[in-house]
Amino acid sequence: MVSWTIPEYIEAHPAEYPGTIITKFCPNAPPESNDKLSEWYKQGYNYLYEEIQQYEEYVTNVETPPVALKMALLTWGTVNLTEEKDPVPTNPVTTANDDEDPIADNNSGLGQGIRTYTMIGGDIVSKDIISITATMSSGYDEGNEQASCVVTLNNNYQKYGKKISSYHWVPRVTPIWSQAAIDFNTDNGVETSTYMIFQGFMSDAKYNNEVATVTFGCISIEAAGSFDDETWSPDDGYETKMKDTIDKISDATDKEIKILNLRQNISQLKKSDYTPSDLSGNESLRSIAQDNQESFYFGHDFEDNVYVVLVDSESYTETMFLDPYVLEPADTSTIFGYATVVTVIAGTTNLDPTLRAIPTSVKDEIFATYEDFDGISKYGRIEADITHDSNLTSVQVDIEAEIEDENFKQYRDRDIKVVVANRIPKIYGLVLFQVPDIITGDLVWIYGGVRKKEVEYSSAGIITHLEVARIDVDHGNELTASEGGVILQTDEYEALDGQLWQAVFQNGRWRYGQSGDLWNTLVQYSEYSATPAEVTSHFAEQIKNIESTNNQNSANWKSMY
């Protein structure tokens, strides 16, 4: 037996009667009928009949079928047939080759403003969209909240109501692909940025005489089924446990989910044997992540690849300068959900499997307390709930306490909410924008990471509501400086020995860089004492002028950089 899809079968049998193909792939379909009110038509098989005819026409004329048509036929699944497959041409069919794709034909340079290409279950719905609202969050702080999307369509003549009522659009089966293109003017003419709005699967739908509202969820909808339990040893590690679970979900859903590891810090925590019990695929992933003080979320790319993205507090995906596009700037200071003192208690000293899960008196327990001294000096002692984990050994409590402290730091200055026009940063993207200082009124830079976003596409354009966590890292200095009129480096100077030098302001002081073999490549930074007097003397006047200019542009620039 060989697994076939409808497009594969049509390409091998371009003259096959469509009704025969339907019988092969839908053996439970009722007999054909001319009665338009029969169950045959109510169940939407007339759509399938017409789509098969259209696909056959393209194959007969040696033309590439539209991607929308091919995707519609693929949603009918596969069937095992005794017939062996002959090699058939596999010309890639992508969205960009679709004549109906308003984003693909975008090289005229005329600038078409803002537009979307959205396909639901193989049907291009771009021209009928009233609005799209997509919400996505980082699993790190929202408990792996499911991404969701609501699409509102103009339902003239019950165009989409018929698709919903006939089950042509089916929950957990019908996919959505939605992306947006935004034109903007530059010195070099009109350029275009393309963003993915949402990918996922239908979860609910409703309609009336005017509009159809369709709700979608991320790939986690496909991972809602339960899977057999599995036991791992401590040496297997977090990523192995996640991959084993993801492979089970992929096998059951035929989605080929991959792991994308964005973690910057590899956890040293290895707990005892662990088995999720009677959980769905989503719950298993979440349980494994929480048990290891880690996090994840589901993601897609433009090539339809599906990922489980592993992240930690230091993960990031991109850097985007938002200042010209900010509609409502914000700079919120908050410690909601933050703790400065963490206490973790390990399993009991009795290694009996039954007694390990039973808390004993304090004298038999091993614990660790981690104190965030920087946080305590600012906010005082804020005690977190005590963690008692029977899976921890005595040598692991310090690691667990440190990991929990990093988790709590995610909630410090967590609630910065900013509204942006015509830009869609990625989750875990690093963003930069300015806000007025609440005391001085001067503009100050906010540098943070996107933890949650809501994208709205409508007649008003594209509006993105971001929830940002403030980040204070060194590599943000150069980014903010270039946009804030702050100069952080001198010109180059060639010393008498032919060596190139340059002074760079880093971490509150000027340091002198010595170039390597390639021009403009600084390979070494020295302290004042290691720099020739010839070099420091040459740069003295230039540094004085730079600092004077910086003081005018940003009074506190030295403390920022």
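Two strands count as paired if DSSP finds at least two bridges between them. Helices (H or I, at least four residues) and strands (E, at least two) are DSSP runs, numbered from the N terminus. The model is predicted: local features need pLDDT of at least 70 and side-chain atom pairs count only at pLDDT 80 or more, while totals for chains, interfaces and linings use all residues. Residues are numbered from 1 along each chain as its sequence is written, and side-chain values use heavy atoms, with hydrogens and water left out.

View 1. Strands of a sheet pair through backbone hydrogen bonds, either parallel or antiparallel. β11 and β12 (residues 306-311) pair in the antiparallel sense over 6 bridges, and Tyr297 stands opposite Val309 in β12. Axes are lines fitted to C-alpha atoms, for helices over the stretch in contact (heavy atoms within 4.5 Å); angles run from 0 to 180 degrees between N-to-C directions.

**View 2. Ser193 in strand β8 (residues 189-207).** Ser193 has 17% relative accessibility and therefore counts as buried. Buried means under 20% relative accessible area, exposed over 50%, and partly exposed in between (1.4 Å probe, protein chains only). Apart from neighbours within four places in sequence, Ser193 is in contact with Ala180, Ala181, Ile182, Phe184 and Arg423.

**View 3. The salt bridge of Asp123 and Lys163.** A salt bridge is a side-chain nitrogen of Lys or Arg within 4 Å of a carboxyl oxygen of Asp or Glu; by this rule the count is 8. Between Asp123 and Lys163 the N to O distance is 3.4 Å. Asp123 is in strand β4 (residues 123-124) and Lys163 in helix α7 (residues 159-165), 40 residues apart. Both Asp123 and Lys163 are buried.

View 4. Glu239 is partly exposed at 34%, whereas Arg263, at 10%, is buried.
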